Amino acid sequence: MLRLFKPIPGKFKRAIVNREDQQTFLSRINESRKIIYKVVNLYVDDPTEREDLVQEIILQSYSSFGRFNGDSRFSTWLYRVSLNTVLSYRRKEKRRKDAEKVFDPFVADESNDLKDNLYKAIKKLEPINRIIISLHLDEYSHPEIAEITGLTENHVAVKLHRCKQQITRLLQNTV
Amino acid sequence: MKDLKDIWAEMDHSFEGPEIKLKQLELKSQVETPLTKMRSNFRMNLVLAGISTLIMGSLFILVDGFWFRILMGTILVGYAAIIWQTTYLYNRYLKNLYPDEDIKSYLQGLHKSIKEGLRYQELIAIFFYPVSLAAGYFLSLYERGEADSFFTEPFLWGLLLVVIIVLTPLLYLLSRWMYNVSFRSYLNRIEETLNELEKENQNEN
């Protein structure tokens, strides 16, 4: 079950106003920037849209950075911002259908390559499941995955189990 | 078969994108999400409501007519309520898009509150359209010096009644159209996103 209503803080604890804060933010986001590219790649196929969304995630995380209080890892927080930005971005149907036809440059032609097949299999999962399995493969713990996705730990465990079954099935079908 | 985590780790370098530069923090967003579109439409609504209030406030002060002031005062109170509610919804949900909150709860709250809030404004407006029309009508009567004869001339009564009967539905339809253009498609897109998230849960339960 998704977590019930959580109060939204009314104000940022502090706003990023000076150069020092900017530099702190830049160095932290650059250390973890793979997260942004990974999430965007998992959800968006069109290269232009990918670029725009990467920029949007940078801006969203920049504007929210003042609220990051260090309770969780920065990477966990960035995963959540990236996922939320991607999920709240909803393309119009026509563009979505067009984008589905676009060739993914990340995916190579050799269909028997395990890496490509794993990537393709993950992209075939439901949106939330894609992030759950990729977080699991990145060694994130169940509580951290729950925090990022807004699901309970039990639900994460159930979903993860099904994701693994689905992935294994998809990989067996392609090999 | 190789362990999935090992395969995934081998792919890790593929996600290494270009370094993020300082100037990127100063760029404007190019992405249009339902949230960013609604945010800009809310801002536009607030600006227009502010301008309208200023114009109506000026008329309230400048036009010396009892009935006009009663009617215009009523409209100003209604506008103040609408501006207050719009500002509240904007500050609560759109001023800062909360990208690090639980997205489903956030979108559910936003969708429900904005849809109900705008519906509420629409219903209030049904009452205010005749008042606004009457205020405009009285303004023209005061301008021509005929306001005093309004209560003794059945023709002037009848004319006001016709104006209200004809224009109120038109104004209501116009406001519905403006609502559809400004908000409905974005609220629908948020609803679709919520349905998708909900469907995923149902599929697995």
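In this predicted model, Asp100(B) forms a salt bridge with Arg67(A), the closest N and O atoms being 2.5 Å apart, where a salt bridge is a side-chain nitrogen of Lys or Arg within 4 Å of a carboxyl oxygen of Asp or Glu. Because Asp100(B) lies in the loop between helix 3 (66–94) and helix 4 (103–144) of chain B, and Arg67(A) in the loop between helix 3 and helix 4 of chain A, the pair joins two chains. Helices here are DSSP runs (H or I, at least four residues) numbered from the N terminus. A salt bridge is also found between the side chains of Glu16(B) and Lys34(A), at 3.8 Å from N to O. Across the interface of chain A and chain B the rule finds five salt bridges, and over all chains the count comes to 14.

Residues are numbered from 1 along each chain as its sequence is written, and chains are lettered from A and ligands numbered from 1 in the order in which they are written. Because the model is predicted, local features need pLDDT of at least 70 and side-chain atom pairs count only at pLDDT 80 or more, whereas totals for chains, interfaces and linings use all residues; side-chain values use heavy atoms, with hydrogens and water left out.

The contact (heavy atoms within 4.5 Å) takes 66 residues from chain A and 53 residues from chain B. The size of an interface is often given as the accessible area lost when the parts come together. Between chain A and chain B the buried area is about 6,000 Å², of which carbon and sulfur atoms give 60%; this is the accessible area (1.4 Å probe) that two parts lose on being put together, summed over both.

Within chain A, helix 7 and helix 8 (residues 142–149) pack at an angle of about 145°, with their axes 10 Å apart. Axes are lines fitted to C-alpha atoms, for helices over the stretch in contact, and angles run from 0 to 180 degrees between N-to-C directions. In this packing, Ile131(A), Ile132(A), Leu135(A) and His136(A) of helix 7 meet Ile145(A), Ile148(A) and Thr149(A) of helix 8. These residues divide into five nonpolar, two polar and no charged, where Ala, Val, Leu, Ile, Met, Phe, Trp, Tyr, Cys and Pro count as nonpolar, Asp, Glu, Lys and Arg as charged, and the others, Gly among them, as polar.

Helix 4 of chain A also packs with helix 8 of chain A, at an angle of about 35° and with their axes 8 Å apart. Here Thr76(A), Tyr79(A), Arg80(A) and Leu83(A) of helix 4 make the contact with Glu144(A), Glu147(A), Ile148(A) and Thr149(A) of helix 8, and the residues divide into three nonpolar, two polar and three charged.
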